[in-house]
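Open the model in your viewer and keep the selection panel at hand. The tour goes residue by residue.

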Amino acid sequence: MAYLLQNNRKHLSAGNMISLISEGFNSITDYRKNVDTRKISVHDASMSAFAMLHLKYPSLLSFEREKSEPSVRHNLKHLYHVKNRAPCDTSMREILDPQDPADFKKPYKLLLSEVQRAGLLKSFEFRIGSLKNHYLLAIDGTGIFHTSNNKKPCQECCTKNKGKTNEAHYHQMMAACIVHPEQKTVLPLAPEAIVLQDGASKNDCEKTAIKRLFSTIKKNHPRLKFVILLDGLYADNPTTSLIKDYGWHYIIVAKDGNHTSLVEAMDSADKEGKVRRIERTNDEVNIKQWYRYANNLSLNKSACAEHVNVLDFVEIDKKDKKHTWCWITDLKLNEMTVEAIMKGGRCRWHIENQTFNTLKNQGYNLEHNYGHGEKHLTTNLAYLTVLAFLVDQIQELCCPQFQQALKGRSKGTRIALWKWIQNYFLNWLIKTWQGLFYTIINGAGEAKIIPFDTS
């Protein structure tokens, strides 16, 4: 179930979260050679890049054109803790390119700890049978950048069609989000870039990157208990075994065409009377549902195959359209648990709809080329983009002012709110995020300054 959320979470305000990010970036090692202390610091370059991505600027150039405006300089200082000045687009790329991507992953842990401290993580708790204090963690890969063969690759680029006329280079990443069937928001953990590894001659891939991702998650969140949600690519012995080694559970999509032996095992169990069926009808919304499940089936014909529990689910909606799903899981299937496991399995789509779709189509410009660089620039900007998304998701989860500001825009769309924020950021002097949201909601007459704190 989802818990009612308290509204007063001051330490999770945008201002406090951005202060935490700023404090973390103060400790970043400067990898530039012969750095002049009078020049722009790594902290100011990092916070400027975060500001650009959090404000949803479409390009580095558009940010550079406006960064010298008095109002923008003022707001970068007060809202994003840029101490001296923001770099030009070329300098920002040069400063961020050599920095270790691990430095830009650290704030994720800090922000999630604040969410947990506020008690908000309870709203994502997944309860099933005797299983308590667990969280659904949806994981999937996505593309973040690609370039044609006439562009020089960076040291992290993966390459397809190598040596051919259509050779191309690309970057991808593995994303992980805490999700819940009754929550519209998601809480992304630090992503893992799918990039060419040091000393490697072959491309990196999702199967390899997810191992690094699992290791990082366990290191950063050793006490959190997860139920891992994955697509059919991971319905195999190595992945299920690895998940269990970490002490987690899983619900993984299983497609008929890729798991012939599993289908055969299910059919054999059916003949032996080991398969159970449940039929349910919701007359209020005119939806019919069928469950078919069995426990302790062999995942494949290998002698050392994992034994899994299998859930088939069929739904006919009010338009008489049939939808079918199949999952494997290590959670016990029975009449009391199948519905919760079904909802948990379907919740994997939150990483597609609420995460990737938002990052690519709701102003975050995840796939946009802000700059390629020679070393880590693309990865670092991608991490900062998802970090900006995390700040917004936490605001959408618990900040009444943000929620009201979002609701008041055209059809509640995020892009409309981003435009309002950008307009105030460019033209007004703003001292606090609370004041900014208050002004967006209530207006401020003819004034051009937002000095007040409504907390």
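Leaving aside its neighbours within four places in sequence, which residues is His-372 in contact with? Select His-372 and look around: Asp-97, Phe-145, Thr-147, Lys-152, Pro-153, Cys-154, Cys-157, His-171, Leu-377 and Thr-378 are the contacts. Contact here means heavy atoms within 4.5 Å.

A word on what is on screen. This is a predicted model, where local features need pLDDT of at least 70 and side-chain atom pairs count only at pLDDT 80 or more, while totals for chains, interfaces and linings use all residues. Residues are numbered from 1 along each chain as its sequence is written, and side-chain values use heavy atoms, with hydrogens and water left out.

**Stay on His-372.** His-372 sits in the loop between α11 (350-361) and α12 (377-398). Helices (H or I, at least four residues) and strands (E, at least two) are DSSP runs, numbered from the N terminus. His-372 has a relative accessible area of 12%, so it is buried. The classes are buried under 20% relative accessible area, exposed over 50%, and partly exposed in between (1.4 Å probe, protein chains only).

**Next, the salt bridges.** The structure holds 22 of them. Each is a side-chain nitrogen of Lys or Arg within 4 Å of a carboxyl oxygen of Asp or Glu.

- Select Asp-140 and Arg-348. Their closest N and O atoms are 3.6 Å apart in a salt bridge. Asp-140 lies in strand β2 (residues 131-147), and Arg-348 in the loop between α10 (338-346) and α11, 208 residues apart. Asp-140 is buried at 4% relative accessible area. Arg-348 is buried too, at 8%.
- Select Glu-272 and Lys-274. This salt bridge spans 3.2 Å, N to O. Glu-272 is exposed at 54%, and Lys-274 is exposed at 53%.
- Select Lys-343 and Glu-339. Their salt bridge has its closest N and O atoms 3.5 Å apart. The two are separated by about one helical turn because they are four residues apart in helix α10. Lys-343 is partly exposed at 40%, and Glu-339 is partly exposed at 33%.

**Last stop.** Select Lys-105, Glu-192, Asp-204 and Arg-212 together. A network of salt bridges links these four residues.
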